[in-house]
Amino acid sequence: MEASKLKSPITKPNMTKSDDIPVGRILSRREIMQIFGTTFLVGSSGFVFGKPAPSIERSVPPCIVRPEQTEGPFFKDIELERSDLRVDPSTGIVFPGLPLHLTFQILRVGSEECVPLPGARVDLWQCDIAGRYSAFRDRGSDLREEKFLRGYQLADEGGMVQFMTIYPGWYRGRTVHIHIKIRTKTEQGKQFEFSSQLYFDDDLTDQVHSNPPYNVRGMRTTRNSNDGIFRRTGKRLVLDLSPGDKGYQATFPVGLDLSSSD
């Protein structure tokens, strides 16, 4: 498949009802204050620990449990460990799009502290600028043998993973988004899985999509405000992007309440 073939509009990928079911919850500020108290200390590693500190008051730590959302119909559990998702390993083609560098910090929310979660597997997958997902077949393309814009990384000792991808395109019925899945084990050895979606500011998306190579598709039909999945808990899943190397970048902490699976 050549990148030039992406210029023509692509039909909507097949959707299923499973892409419209919200699940999970978020940790409220009151719950956080109950766990950590009203004061916090920052350790030498830069992470926040909930210990008594009458003379030092800090903001709520960044390990708030994010809302879980449906994984959608396009998850494929392929063994593709990599950081740069833009290249299709089966063809060597680098998929076009505005560079997007994402850093995730995976943290465990405990009864008294918030700590990094090394070894957690983080999967990321998304559509290309034409609204297509690799590893699946839709009415316009058979992409079952391709693996572009998907892959996973294992969190390092600081709970960090990084991905280089592109600003997503759009398809009918959904606002612009990226999918994420995090898998790890609890202290009791049970499997823990968290799936959600990441979103973008609508004004920024309008700006990005008004320029090549995105503008060949025309105006998108669904925004955050009229996306049923976003409306439920999406405001807490919007990436805070800043200008990066020829594109955008963001760091996104994800706190996991593993006790809910024990």
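Student: What should I know before reading the model?

Tutor: It's predicted, so local features need pLDDT of at least 70 and side-chain atom pairs count only at pLDDT 80 or more, while totals for chains, interfaces and linings use all residues. Residues are numbered from 1 along each chain as its sequence is written, and side-chain values use heavy atoms, leaving out hydrogens and water.

Student: How is a pair of aromatic rings described?

Tutor: By the distance of the centres and the angle of the planes. Rings of Phe, Tyr and Trp (its six-membered ring) pair if their centres lie within 6.5 Å; planes under 30 degrees apart are stacked, over 60 edge-to-face, the rest tilted. Searching the whole structure turns up 10 aromatic pairs. One of them joins tyrosine 133 and tyrosine 171, edge-to-face, with 5.7 Å centre to centre and 70 degrees between the planes.

Student: Are tyrosine 133 and tyrosine 171 buried or exposed?

Tutor: Both are buried (under 20% relative accessible area; exposed is over 50%, partly exposed in between, with a 1.4 Å probe and protein chains only). Together with Phe74 and Phe136 they form one aromatic cluster.

Student: And what does the side chain of aspartate 227 make a polar contact with?

Tutor: A polar contact is a pair of N or O atoms within 3.5 Å; within protein, one must be able to donate a hydrogen and the other to accept it, and residues adjacent in sequence count only if both atoms are side-chain atoms. Here the partner is the side chain of arginine 174, at 2.7 Å. Aspartate 227 itself is buried, at 1% relative accessible area.
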